[in-house]
Amino acid sequence: MTGHSDDRAPASALRRRLLQGMAALPAAALLPRAARADKPATAAVNTTGLAVTDDTVTVGILHSVTGTMAISETGSVEAEKLAIDQINAAGGVLGRQIKFIQEDGASDWPTFAEKAKKLLVNDKCASVFGCWTSASRKAVLPVFEQYNGMLYYPTFYEGLEQSKNVIYTGQEATQQILAGLDWIIKEKGAKTFYLLGSDYIWPRTSNKIARKHIVDKHGLEVVGEEYFPLGNTQFNSVINKMKLKKPDVIYAIIVGGSNVAFYKQLKAAGIDLSKQNLMTISVTEDEILGIGGENIAGAYACMKYFQSLDNPNNKLFVPAFKKMWGQNVVIGDVTQAAYLGPWLWKLTAEKAGSFDVDKIAAASPGVEFKGAPEGYVRIHENHHLWSKTRVGRARTDGQYDVIYETAGLMEPNPFPKGYQ
Amino acid sequence: MTARFFLRPQDLLFILVMALLILVVLPMSLDIFRLNLVGKYLTYAFVALGLVLCWGDAGILSLGQGIFFGLGGYCMAMFLELEGSTPEATKIQSTPGIPDFMDWNQITELPWFWKPFHSFIFTLFAIPLVPMALAFVIGLAMFKRRVGGTYFAIITQAFAAILTILIIGQQGYTGGVNGITDLRTLLGWDIRPDHAKLVLYFVNAGLLLACIVFAYWVRASKLGRILVAMRDREDRVRFSGYDVANFKIFVFCLAAGLAAIGGAMFTLQVGFMSPYFVGIVPSIDLVILCAVGGRNSVLGAVYGALLVNWARTTFSEDMPQLWLFAMGGLFIAVVMFFPGGLAGLYRDHLEPALGRLFGGRAPTPPGSPETVTSMVEQPR
């Protein structure tokens with residue numbers, strides 16, 4: 001079973017390459033249809049009473065589709081549904097079609113906890129793909145640990161966490177920060193940095209790591225560090241301070257709607273991003289839709305995935321996504337990470353030969369997904385992903401030009417020594 | 001029975017029906033997951049009870065009850081968090097022995113206002129008293145200056161917004177937007193397994209019943225009558241020599257204390273507390289519970305809390321993308337067709353029939369004169 005699945009991956013990748021010209025077809029149609037005579041018995045793959053029948057396996061999707069976070073989380077829902085569709089078309093998982101139950105976290109964390117419990121206790125979901133903000137993950141984590149569920153969490157986040165019951169398919173902070181800083185220090189000769197962030201755990205932890213890297217590892221200087229409440233729209237005073245200090249790099253971790261005000265005010269203040277280096281780890285193609293490409297063109301973003309990424313997997317993924325969800329959608333870093341969740345779970349279940357959460361958790365380290373739109377990922381012992389870090393430069397049309405990627409995969413390190 | 005007993009026979013009957021429902025029928029018919037959800041709904045009923053006294057009786061519309069619910073919840077959460085943050089459990093931190101979010105925010109010593117929460121006794125007192133103290137300050141500042149009606153409602157909203165920003169902004173001291181999460185034990189007793197949830201459900205239901213009886217007692221007392229008089233003719237009450245502001249402050253504090261008990265029970269049953277509850281939206285949700293149940297009826301408010309939250313859960317499970325519209329439809333329907341809420345529905349249609357059954361004229365519950373039939377009318 002396991003060998004079969006592993007052998008198939010490169011073959012199907014080759015096939016995809018051959019059929020690139022037909023990329024407009026859904027990727028799913030290109031994968032082999034189910035023709036498994038070796039379907040394992042339900043009793044063998046499900047010893048813990050999960051919602052698995054002879055033909056189906058039930059999973060959960062738990063994101064906000066109402067409330068303030070809906071605009072961010074919709075891409076993740078879409079990516080997860082696409083992945084599930086494709087997996088089903090390719091024969092499902094262990095010979096079973098995936099059925100999903102979608103619940104709405106409603107942008108409030110107690111509701112996330114309630115719905116997570118419902119998916120695990122009531123619906124007996126074999127795995128759950130969901131959550132976006134750290135707060136929602138913190139709210140559901142005790143639920144997943146208590147009822148022994150499996151969560152695939154897509155967002156880049158601050159680290160400082162590791163759980164048997166979670167696979168983190170986004171980057172933890174060091175994966176997003178270190179390589180980008182190394183690049184800008186080497187390529188742009190940057191000596192001074194000004195750190196900005198929205199005031200909550202992720203930007204603060206990320207800037208702490210960035211500061212340690214800049215000051216302790218490179219011996220360079222941080223000339224300012226400031227935080228703004230979520231939703232803040234007044235950046236003029238900090239922009240004036242930055243004009244005086246003239247940092248080589250503005251390092252910005254501002255989230256949500258604040259971004260729109262920040263980049264517009266930067267532009268209005270005459271800071272030209274084609275001359276002033278600005279690096280962000282919080283602006284994906286999704287956010288640029290709100291900011292406007294002309295306001296942020298020239299900025300550097302440090303991510304693991306950009307929609308414009310040039311590789312065979314992505315050339316199939318982007319058209320398939322647009323075919324399912326409309327030609328005008330954009331695909332950001334987190335959307336791609338969400339797409340990895342169902343695939344990694346499928347590959348892990350086939351490696352383990354079981355849907356049991358304990359076996360999935362144990363089999364996860366070492367699972368690799370060669371069809372990832374970002375190229376290739378592998379699950380680390382600590383349940384985060386090995387993945388590359390890339391630097392993109394924003395264009396006026398809202399897309400990024402990928403101008404740098406690390407030679408190898410970056411190791412995930414959620415508890416970085418020397419950075420705390 | 002004595003002539004002056006504050007519960008009339010039919011009140012006693014209704015309370016018994018409620019007790020039967022939440023102590024026997026629901027626990028026997030629901031699995032532990034659903035029962036835990038009902039337990040969560042019932043914590044909102046504490047707030048609705050307070051609103052019946054404060055809004056329904058005294059006519060003070062507070063759109064900031066989430067503040068007191070949240071503060072009560074935070075007091076409980078702080079105690080549980082400290083209990084869990086032993087030096088052994090947190091030895092990977094730079095500073096062991098403090099809550100993990102403080103460590104992430106480079107705080108190296110437990111802040112002074114956290115220290116008393118090492119004591120369970122202190123926490124038990126703090127849960128109602130801290131919110132009541134805040135309510136007292138707000139009430140003193142507003143009612144002594146004769147600020148009331150919509151102005152007061154808006155100011156309570158402003159307080160809710162201020163407190164949310166404060167909690168989210170001071171994340172090193174409060175856990176920020178994440179709230180205080182992953183609470184595990186109460187005095188060494190694991191609050192997470194199913195049997196613990198069952199015990200907590202009954203503790204919660206018992207407390208709620210006690211609060212219901214207390215609310216009946218308040219409404220039947222002279223105080224309750226003054227509150228109603230104040231709502232309907234504030235100037236006459238003042239001219240009769242009563243200090244209206246003091247009564248308003250009192251009932252506002254009482255409602256805050258009830259909300260705080262609900263908040264603390266919420267923390268225990270759900271296992272975390274989030275700044276979300278302190279905000280404006282949940283505060284308005286809580287008023288809606290009370291309005292749907294009927295703001296003039298103690299038991300109506302409890303049924304309202306159960307019905308609205310049950311509908312919220314059911315709608316959102318059945319149609320995750322459209323449930324908000326269904327909830328909106330429910331509220332519009334209630335306001336348009338049953339302005340008195342569930343209790344009004346009962347009073348207008350069922351009670352006359354029951355009254356005949358009891359062999360007399362249809363009685364009017366104390367504190368809810370017939371004049372009040374419309375909940376859309378602005379409270380004075």
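Mentor: Happy to. Let's start at a pair of facing residues: A:Leu196 stands opposite A:Glu226, which belongs to β7(A). The strands are β6 (residues 192-198) of chain A and β7(A), and they run parallel, joined by seven bridges. Keep in mind that this is a predicted model.

Now widen the view. Seven strands make up an open sheet here, in the order β7-β6-β8-β9-β10-β14-β15 of chain A, and the pairing is mixed. At its edges are β7 (221-228) and β15 (400-405) of chain A, each pairing on one side only. From one strand to the next, the twist averages 25°. A helix packs on this sheet: α7(A) touches β8 (249-253), β9 (277-280), β10 (300-303), β14 (390-394) and β15 of chain A, and its direction makes about 165° with that of β9(A).

Helix α7 of chain A covers residues 173-188, and A:Glu187 is found in it. Is A:Glu187 buried, exposed or partly exposed? A:Glu187 has 13 other C-beta atoms within 10 Å, so it counts as partly exposed. Its C-alpha atom is separated by 26 Å from that of A:Gly170, a residue 17 places away along the chain.

Next, the domains. Chain A divides into domain 1 (2-171 + 309-387) and domain 2 (173-303 + 392-405). The centres of these two domains of chain A, taken over C-alpha atoms, are 31 Å apart. Their contact draws on 16 residues of domain 1 and 15 residues of domain 2 of chain A. On the domain 1 side of chain A, α4 (70-89) and α14 (333-352) are the elements giving two or more residues. That side of domain 1 has seven nonpolar, seven polar and two charged residues.

Chain A also has a second open sheet to look at, with three strands in the order β11-β12-β13 and antiparallel pairing. Here the edge strands are β11 (368-369) and β13 (385-386) of chain A. Strand β12 (residues 377-379) of chain A pairs with β13(A) over two bridges, and A:Arg378 has A:Trp386 in β13(A) as its bridge partner.

Chain A has a partner too: 30 of its residues are in contact with 26 residues of chain B. On the chain B side, α2 (32-57), α6 (149-169), α13 and α14 (323-337) each supply at least two residues. The chain B side consists of 11 nonpolar, 12 polar and three charged residues.

Within chain B, the axes of α8 (residues 194-220) and α13 (residues 298-318) come within 9 Å and cross at roughly 145°. In this contact, B:Ile212, B:Ala215 and B:Tyr216 of α8(B) meet B:Val298, B:Leu299 and B:Val302 of α13(B). By class, there are six nonpolar residues, with no polar and no charged ones.

Finally, the cores. The largest nonpolar core has 178 residues, and B:Ala48, B:Leu49, B:Leu51 and B:Ala301 touch the most other members. Helix α11 (residues 244-270) of chain B gives the most to this core, 16 residues. Domain 1 and domain 2 of chain A both give residues to this core, so it lies between them. As for B:Ala301, its contacts beyond four places in sequence include B:Ala45, B:Val52, B:Leu289 and B:Cys290. Apart from that core lies another, of 48 residues, among them A:Ile214, A:Met242, A:Ala252 and A:Phe306.

Note on methods. Residues are numbered from 1 along each chain as its sequence is written. Chains are lettered from A and ligands numbered from 1 in the order in which they are written. This is a predicted model: local features need pLDDT of at least 70, side-chain atom pairs count only at pLDDT 80 or more; totals for chains, interfaces and linings use all residues. Axes are lines fitted to C-alpha atoms, for helices over the stretch in contact, and angles run from 0 to 180 degrees between N-to-C directions. Helices (H or I, at least four residues) and strands (E, at least two) are DSSP runs, numbered from the N terminus. Two residues are in contact if their C-beta atoms, placed from the backbone, lie within 7 Å. Ala, Val, Leu, Ile, Met, Phe, Trp, Tyr, Cys and Pro count as nonpolar, Asp, Glu, Lys and Arg as charged, and the others, Gly among them, as polar. Two strands pair if DSSP finds at least two bridges between them. Domain bounds come from an automatic or database domain assignment. A nonpolar core is a set of buried Ala, Val, Leu, Ile, Met, Phe, Trp, Tyr and Cys residues joined through C-beta atoms within 7 Å. A residue is buried if 20 or more other C-beta atoms lie within 10 Å of its own, exposed if 12 or fewer, and partly exposed in between; C-beta atoms are placed from the backbone.
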